[in-house]
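Q: Could you take me through this structure, one topic at a time?

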Amino acid sequence: MKRIYSVLVENRAGVLSKVAGLFSRRNFNIDSLVVGETADKSVSCMTIVSTGDERTIEQIEKQLNKKIDVIKVKTFKESMSINRELMLIKVKYNRDNRRDIMENCQIMGASIVDMSKNMMVIQICDTSERIELFIEMLKSVSIVEIARTGTVALTKCKEQ
Amino acid sequence: MIGAQAIVKCLQCENTEVIFGYSGVAIDPFWNEMLKTDIKKVLIRTEQNAAHCASGYARVSGKVGVCAVTSGPGATNLITGIATAYADSIPLVAITGQVNSDMIGSDVFQEADITGAVESFVKYSYLVRNVEDIPRIFKEAFYIAGSGRKGPVLIDIPFDVQTAEFSGKFSYPETISMRTYKPTVNGNIVQIKKVIKEVEKAKRPIICVGGGVHLSAAEDEIVRFAEINDVPVVSTMMGIGVMPTDHPLYFGMVGNNGQAYANRAMNESDLLLMVGARVADRAVNRPDLITENKVMVHIDVDPAEIGKNVGPTIPLVGDIKHIFEDFLEQDDHNDNHDDWVKLLKEYKKEMQVERKPAGAAYVDPQIFINKLSDAVDRDAIYVADVGQNQMWSCSYYKVKEGRFLTSGGMGTMGYSIPAAMGAKLADSKKQVLAVIGDGAFQMSMMELATMRQYDIPVKIVVMKNGYLGMVREHQHFAYDDNYSMVELSGDPDLSLIAAAYGMGYMKVDGNSDIDGSLIEFLKDDKAFLMEVVVDPMALTR
């Protein structure tokens with residue numbers, strides 16, 4: 001099962017390694033982990049996506065809560081939250097496929113943010129599934145590099 | 001005032017009586033300031049034992065144990081001691097010196113990233129960046145170590161922070177304000193009532209006590225609760241001594257190395273109160289089966305333990321002493337489980353394993369430990385090391401009003417002698433024994449010098465069989481007696497070791513010598529080394 005953990009932590013040196021270390025020590029998966037500041041500068045928010053059985057999911061939450069630098073843990077299913085990931089993808093293009101690529105970008109709501117004579121960088125912000133789909137669509141083009149942020153998530157305004 | 005003075009002041013504010021440690025340049029400013037205090041300082045012989053000493057001290061005094069060592073190898077040597085304390089939830093504050101702040105990260109002499117290295121063995125750690133933070137950090141460290149699920153906290157203090165001028169007035173915080181750490185103390189009243197209902201309903205209730213009961217000092221409350229409700233008690237290794245061994249409601253230690261009748265009692269119960277126990281692999285072989293045909297109540301101060309190893313339960317989170325006080329207050333029933341207790345007594349009689357006594361050339365461990373139990377003071381503190389000697393101690397030592405200490409979670413060889421030293425310093429009036437094999441003795445015999453230097457009279461029993469017996473026993477069963485890496489043929493002459501450290505010494509090599517030897521062994525309050533020759537081929541069961 002996939003779960004998203006939104007973890008508020010003290011914004012201090014070493015906290016990221018403590019939380020990441022907990023996952024490896026306890027044999028929990030990390031699908032993705034994102035950290036950023038919150039409106040309160042003394043607090044950071046980590047968004048961790050993990051998979052595991054029911055017991056593991058419960059243990060992850062409990063073990064996170066046990067960490068002394070952790071202020072609050074919220075756990076939710078993907079369907080309960082708005083989830084977004086940013087990807088930058090660098091591709092080679094030529095006269096023949098340029099139009100195709102641009103059409104794909106238009107369909108998927110991606111934008112071209114940098115360009116040279118034969119390469120372009122495309123930016124897309126969407127759910128992980130749609131980003132996977134976008135990569136699939138670009139498979140026929142020569143992909144040079146990909147950088148993805150991992151998922152950030154907030155619970156929906158009206159909780160289900 | 002400099003940082004090192006501020007540290008000493010913090011320790012005084014925490015009423016620290018004794019600190020175990022080792023010197024080194026990076027921790028020298030601290031030891032220099034410690035000269036001016038009457039806090040007892042014990043220079044141990046290797047850093048690991050500083051943590052073990054502090055652990056023994058903490059377990060007997062009920063306070064937080066303190067140790068301090070230098071940076072680099074001093075700090076890394078301490079790790080096994082810290083991990084041992086972590087596995088058994090023993091409250092420690094470990095102070096380590098560190099290289100100058102501006103050098104950190106450049107691999108200078110005796111630098112080690114100790115906060116990084118101990119992360120998975122500590123409850124929390126600090127690297128002190130600013131001298132002004134010292135009072136707050138120490139206040140928090142002692143609070144974290146000694147509250148909730150107890151455990152070790154490490155404070156790493158760079159040399160320049162120890163020597164920096166502490167501007168302003170030193171004031172030790174009276175209260176803690178940590179938004180992230182608020183351990184649960186009181187049990188949820190709805191859950192408490194639910195548990196009491198289950199106890200009233202149960203026909204075959206049983207309580208399994210773990211080390212958490214000692215940590216919460218809830219022994220009396222549990223014994224009273226068991227007596228009032230006529231509920232039998234079994235224990236994990238860490239829970240030995242919660243109830244006196246000869247109590248009519250006590251039915252021994254559970255687990256692979258425990259008594260068969262204790263396991264049977266637990267399995268056949270219809271209500272199991274698991275109290276301050278992790279349901280660890282050595283205590284419960286198949287945690288998935290333990291909840292079959294019964295209601296299980298799991299009482300623990302750490303919510304993460306509930307559901308970690310064992311399935312559906314009635315969870316009850318909080319301090320055990322508080323919870324059992326509430327039980328005693330809420331529960332006015334005097335239940336009677338005569339039939340159940342009678343059945344367990346029959347099991348105990350039937351399933352008592354008769355050991356074949358050792359041949360004349362050896363001391364039989366069962367006979368020896370039985371006699372030792374009768375010879376020691378009623379309130380003696382018995383520290384068992386790790387290995388076959390530990391299993392024999394668990395099975396045959398009878399705790400009366402004293403304590404039984406051992407390294408249960410980590411199983412760290414060489415724990416007993418330093419832990420016994422710490423225990424003796426916590427309560428000098430009590431008789432303190434360390435019972436150890438010849439393998440672990442050679443891991444820790446350097447501390448005989450510390451015992452002599454500070455006159456810490458621990459009574460040591462070395463069960464000598466020339467083998468790492470527990471592993472030899474494993475190889476006997478699992479590898480058809482193909483012994484690999486378990487023979488200790490280079491063992492030293494223990495009489496010379498004892499003489500070298502100025503200790504009394506005696507060798508016992510037959511059952512007929514036991515009685516007389518024990519009188520000599522325990523006749524006064526002086527350090528003594530007793531060598532007990534055990535059959536190398538003896539088994540624990």
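Q: Before we start, how should I read the model and its labels?
A: This is a predicted model, in which local features need pLDDT of at least 70 and side-chain atom pairs count only at pLDDT 80 or more, while totals for chains, interfaces and linings use all residues. Residues are numbered from 1 along each chain as its sequence is written, and chains are lettered from A and ligands numbered from 1 in the order in which they are written.

Q: How many helices and strands does chain A have?
A: Chain A has 4 helices and 9 strands; helices (H or I, at least four residues) and strands (E, at least two) are DSSP runs, numbered from the N terminus.

Q: And in what pattern do they follow along the sequence?
A: The pattern in chain A reads β-α-β-β-α-β-β-α-β-β-α-β-β. The C-alpha trace of chain A spans about 55 × 35 × 30 Å along its principal axes.

Q: How many residues of chain A are in contact with chain B?
A: There are 14 residues of chain A in contact with 11 residues of chain B, where contact requires C-beta atoms, placed from the backbone, to lie within 7 Å.

Q: Which element of chain A supplies the largest share?
A: That is α2(A), with 6 residues. At least two residues each come from α1 (15–25), α2 (54–66) and β4 (70–76) of chain A.

Q: How does that side divide by class: nonpolar, polar, charged?
A: It comprises 3 nonpolar, 3 polar and 8 charged residues. Ala, Val, Leu, Ile, Met, Phe, Trp, Tyr, Cys and Pro count as nonpolar, Asp, Glu, Lys and Arg as charged, and the others, Gly among them, as polar.

Q: Turning to chain B, why is helix α16 largely enclosed?
A: Helix α16 (residues 388–396) of chain B is largely enclosed by the rest of the structure because 8 of its 9 residues are buried. A buried residue has 20 or more other C-beta atoms within 10 Å of its own, with C-beta atoms placed from the backbone. Among the buried residues of α16(B) are M391(B), W392(B) and C394(B).

Q: What do they pack against?
A: The buried residues of α16(B) pack against several elements of chain B, including α15 (365–375), β15 (432–437) and α20 (469–478).

Q: Which domains are assigned in chain B?
A: The assignment, automatic or from a database, gives domain 1 (3–163), domain 2 (189–351) and domain 3 (365–533) of chain B. The centres of domain 1 and domain 2 of chain B, taken over C-alpha atoms, are separated by 36 Å, and each of these two domains gives 6 residues to their contact.

Conventions: Buried ≥ 20, exposed ≤ 12 C-beta atoms within 10 Å, placed from the backbone.
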